[in-house]
Amino acid sequence: MQVAAVIVAAGRGLRLGGPMPKQYREIAGQMVLRRTLEGALTCPAIGRVVTAITSDCRHLYDAAIVGLSDERLADPIIGGAERADTVRLALESLEGSAPQIVLVHDAARPFAATTLWQTLIEATADGAGAIAAEPVVDALWAEGDGEAAGMCDAPRPRAGLWRAQTPQAFPFAPLLAAHRAEVTGTGPKALDDAEVFRRAGGDVKLVPGEPDNFKITTAADLERAERFAQSLTSKEGAMDVRTGHGFDVHRFGPGDHVMLCGVRVPHSNGLIGHSDADVGLHALADALYGALAEGDIGTHFPPSDPQWKGAESHVFLTHAGERVRARDGRITSLDVTLLCERPRIGPHAQAMREEIGRILDLGTDRIGLKATTMERMGFLGREEGMGCIATATVVMGGA
């Protein structure tokens with residue numbers, strides 16, 4: 001499933017005062033927009049991110065993305081006069097790549113969690129839209145008119161009321177069609193993309209948002225964001241960074257393919273093992289277990305247990321990833337080196353990275369994969385089998 005994200009940064013956002021739009025202000029030494037983009041890019045399901053900016057802020061956008069080399073980040077587009085125009089133009093820029101799902105997010109909400117992006121994507125599986133929102137819990141009062149302005153007039157029921165956030169996720173083609181129809185429509189302008197989608201006949205789900213996913217609008221919001229970002233930095237500074245190594249080898253035997261990093265690769269031989277003998281996933285799992293000081297695959301899946309005979313190795317790597325999360329950790333990088341004379345790994349390397357990312361819910365920008373021959377030396381050089389070396393970096397206490 002192809003998923004894209006639209007980051008709306010075209011508003012000038014001058015309610016904070018001063019000439020600098022809020023999305024380019026710095027919090028804890030980093031631009032708001034940079035934090036928002038990095039947040040979107042932590043979601044491995046998102047394959048493309050396009051940012052809508054104003055023409056006079058291109059230099060600020062360029063400054064915001066310095067060092068951000070993720071290949072999923074597309075060139076920015078210039079927004080329109082109104083927010084709806086901006087979103088429509090951004091959607092039209094994605095039309096050629098035809099994503100199935102698109103998420104629209106305000107640049108001034110820099111703290112949306114990876115899990116929120118993923119939950120919204122999953123909520124659109126049945127063709128409905130989905131927005132992040134929080135139920136209203138405070139008492140609501142209407143203000144008086146005329147001489148009573150500024151005074152309480154009457155309470156309003158809050159039952160069933162929700163405060164909308166972004167991201168908002170939708171099936172791409174219906175949202176684009178709805179925005180195009182909105183251009184020629186009459187009546188009041190839609191408040192947000194959810195209303196545009198509903199006016200076109202679509203259903204929109206309410207997905208519980210997050211208190212930390214607040215929008216920076218006022219000077220007080222900016223101060224709150226500064227404090228929150230600094231608290232995150234302090235937490236990161238206290239993190240326990242660990243590195244684990246994994247190594248695995250398997251002999252060649254009869255067969256017409258090998259399983260390598262979860263990908264079926266045609267070959268003149270198979271690999272022999274108690275499971276499917278995937279040296280790549282075995283070494284990766286051992287690297288993660290090693291970073292946690294929790295033994296190896298054999299510790300958790302004893303080869304003496306017949307239930308694991310012929311098991312697919314993604315089971316082991318999935319378990320290792322779950323152990324990281326259970327220990328309040330997160331995987332920050334993986335590096336895999338496959339050792340073999342044949343088969344050729346290059347044509348399959350990207351598919352392998354993507355499969356590892358899928359298993360561990362990790363972006364491919366954090367997964368290195370390469371291969372080397374043994375220059376015909378040793379048992380690997382004689383093509384008696386294959387090997388793999390893997391390294392994993394895990395940060396504890398910062399998931």
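Okay, so let's start with a helix pair: Ala84, Val87, Arg88, Leu91 and Glu92 of α3 make contact (heavy atoms within 4.5 Å) with Phe172, Leu175, Leu176, His179, Arg180 and Val183 of α5. By type, that contact splits into seven nonpolar residues, one polar and three charged, with Ala, Val, Leu, Ile, Met, Phe, Trp, Tyr, Cys and Pro counted as nonpolar, Asp, Glu, Lys and Arg as charged, and the others, Gly among them, as polar.

Quick caveat: this is a predicted model, where local features need pLDDT of at least 70, side-chain atom pairs need 80 or more, and totals for chains, interfaces and linings use all residues. Numbering runs from 1 along each chain as its sequence is written, and side-chain values use heavy atoms, leaving out hydrogens and water.

Back to the pair. The axes of α3 (residues 83-93) and α5 (residues 172-184) come within 10 Å and cross at roughly 135 degrees. That makes α3 oblique to α5; angles under 35 degrees would be roughly parallel, over 145 roughly antiparallel, and 65 to 115 roughly perpendicular, with the rest oblique.

Now, cysteines. How many disulfides does a search of the whole structure find? Zero, taking a disulfide as two cysteine sulfur atoms within 2.5 Å. For Cys261, the nearest cysteine sulfur belongs to Cys388, 5.8 Å away. Cys261 is buried (under 20% relative accessible area; exposed is over 50%, partly exposed in between, with a 1.4 Å probe and protein chains only), at 0%. Cys57 is buried too, at 5%.

Last one, α1, residues 32-41: nine of its 10 residues are buried, so the helix is largely enclosed by the rest of the structure. Among them are Val32, Arg34, Arg35 and Gly39.

Note on methods
Axes fitted to C-alpha atoms, helices over the stretch in contact; angles between N-to-C directions. Helix = DSSP H or I, 4+ residues; strand = E, 2+ residues; numbered from the N terminus.
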